[in-house]
Amino acid sequence: MLDVRSCATLSEAAGILSGDRQALLIAGGTLVMRDVNEGRLTEGTLLRVTDPAFRQVNAGGARVEIGAGVTMAAVLANRDLAYLHAAARAIGGPAIRTMATIGGNLFAETPYGDFTVALLALGAEVVVQAGYGSGRAVPLEDFLAGRERGGAGQAQGLVTAVQFTRPQNPSDFLFRKISRVKPKGISVLSIAAHLPASGGRLVQPRVAYGAMAPVPMRARGVERVLDGKPLDQAAIQAAKQAALEGTRPATDAIASDWYRREILPVHLGRLLAGEPR
Ligand SMILES: Cc1cc2nc3c(=O)[nH]c(=O)nc-3n(C[C@H](O)[C@H](O)[C@H](O)COP(=O)(O)OP(=O)(O)OC[C@H]3O[C@@H](n4cnc5c(N)ncnc54)[C@H](O)[C@@H]3O)c2cc1C
């Protein structure tokens, strides 16, 4: 039998999640309810969190914190988060965006997870609370590596929020999702890039991919060839050549691994050059 329980505080939910292996958080429920409706989830306790901190956004200062229960629609309604609007708009259709949370997106199996790709390129940290203690900030990349080791969908405690440094220049942040069906299509792949520059040269650029590995990944080869260079034709060509380093795309109902490898350098080049799809 399935129970639903409401928790008034984040700490109550985190405590129950760590003590009861059959307890599962339900955030927007766009994935959890699919499992319930299709009979894959029939036992345990679904935990709802009503703590307002779960849906809080602090986006005005240099350090941004977004509660894990914040929906894609709420991101789109927040002008301080305009650089994340393309990523939020890439998630499903309007009905899904009204429910889907950024916390749930961190756990969504590839090729889902488009918003997480954007957070990875922003160098985000995930605040994880295990038990009744206080939360600890974990680099998103480590969190995703843990998720890959533990198997998709395996909870690693309650994620209460994500944090990152706001891009100084919002136009330095780029996001693109490639799908066969527009709008609302599932990702063939997605790319996010944060490209801060000083004196005409890129400084510690961060590039991330979705659907090019079992979990969203950093494009380290691309970052390496771009760092310290002006974003000119030569740098873009070098980035395209390094684009596939470390990728391990899957073949699924959306695209083959071959197709994903073929189109990634093309779309990366277009994104970096500011060209339309
Ligand atoms: C029709 C449809 C279209 C979709 N399109 C896209 C798309 O284009 N791109 C995309 O990326 N995704 C897409 N999704 C997948 C999904 O809607 C999103 O990934 C969404 O962000 C998941 O969030 P949620 O709050 O609904 O997760 P839920 O269903 O509530 O939870 C998903 C999993 O994450 C766990 N979880 C959720 N929040 C937390 C937390 N704070 N701490 C610990 N564990 C947590 C849950 O226990 C569960 O295991 C789509 C889904 C559907 C049904």
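## An aromatic cluster and a covered ligand

Tyr-83, Phe-164 and Phe-173 form one aromatic cluster. Keep in mind as you look around that this is a predicted model.

With ring centres counted as a pair if they lie within 6.5 Å, there are three aromatic pairs. The Tyr-83 and Phe-164 rings are edge-to-face because their planes stand at 85 degrees, with the centres 6.5 Å apart. This pair joins distant parts of the chain: Tyr-83 is in the loop between helix H3 (72-76) and helix H4 (85-89), while Phe-164 belongs to strand E8 (residues 158-165), 81 residues apart. Tyr-83 and Phe-164 are both buried.

Tyr-83 also pairs edge-to-face with Phe-173, at 6.5 Å centre to centre and 80 degrees between the planes. Here the partner of Tyr-83 sits in strand E9 (residues 173-179), 90 residues apart. Phe-173 is buried too, as is Tyr-83.

Elsewhere, Arg-180 lies over the face of Tyr-259, 4.8 Å from the ring centre.

Now for the ligand. It is surrounded by 31 residues, and the closest are Leu-25, Gly-28, Thr-30, Thr-101 and Gly-113. Helix H6 gives the largest share of this shell, four residues. By type, the shell holds 18 nonpolar, 10 polar and three charged residues.

| Residue | Part of the residue | Distance to a ligand oxygen |
|---|---|---|
| Thr-30 | side chain N or O atom | 2.5 Å |
| Ala-90 | backbone N or O atom | 3.2 Å |
| Gly-92 | polar backbone atom | 3.0 Å |

The protein covers 91% of the 970 Å² of accessible area that the ligand has on its own.

Methods. Residues numbered from 1 in each chain as written. Predicted model: local features only at pLDDT ≥ 70, side-chain atom pairs only at ≥ 80, totals over all residues. Heavy atoms only, no water. Phe/Tyr/Trp six-rings, centres within 6.5 Å; stacked < 30°, edge-to-face > 60°. Helix = DSSP H or I, 4+ residues; strand = E, 2+ residues; numbered from the N terminus. Buried < 20%, exposed > 50% of the residue type's maximum accessible area, 1.4 Å probe, protein only. Lys NZ or Arg CZ within 6 Å of the ring centre and 35° of its normal. Near = heavy atom within 4 Å. Polar contact = N/O pair within 3.5 Å; in protein donor to acceptor, adjacent residues only side chain to side chain. Areas by Shrake-Rupley, 256 points an atom, 1.4 Å probe, with all protein chains shown as cover. Nonpolar A, V, L, I, M, F, W, Y, C, P; charged D, E, K, R; others polar.
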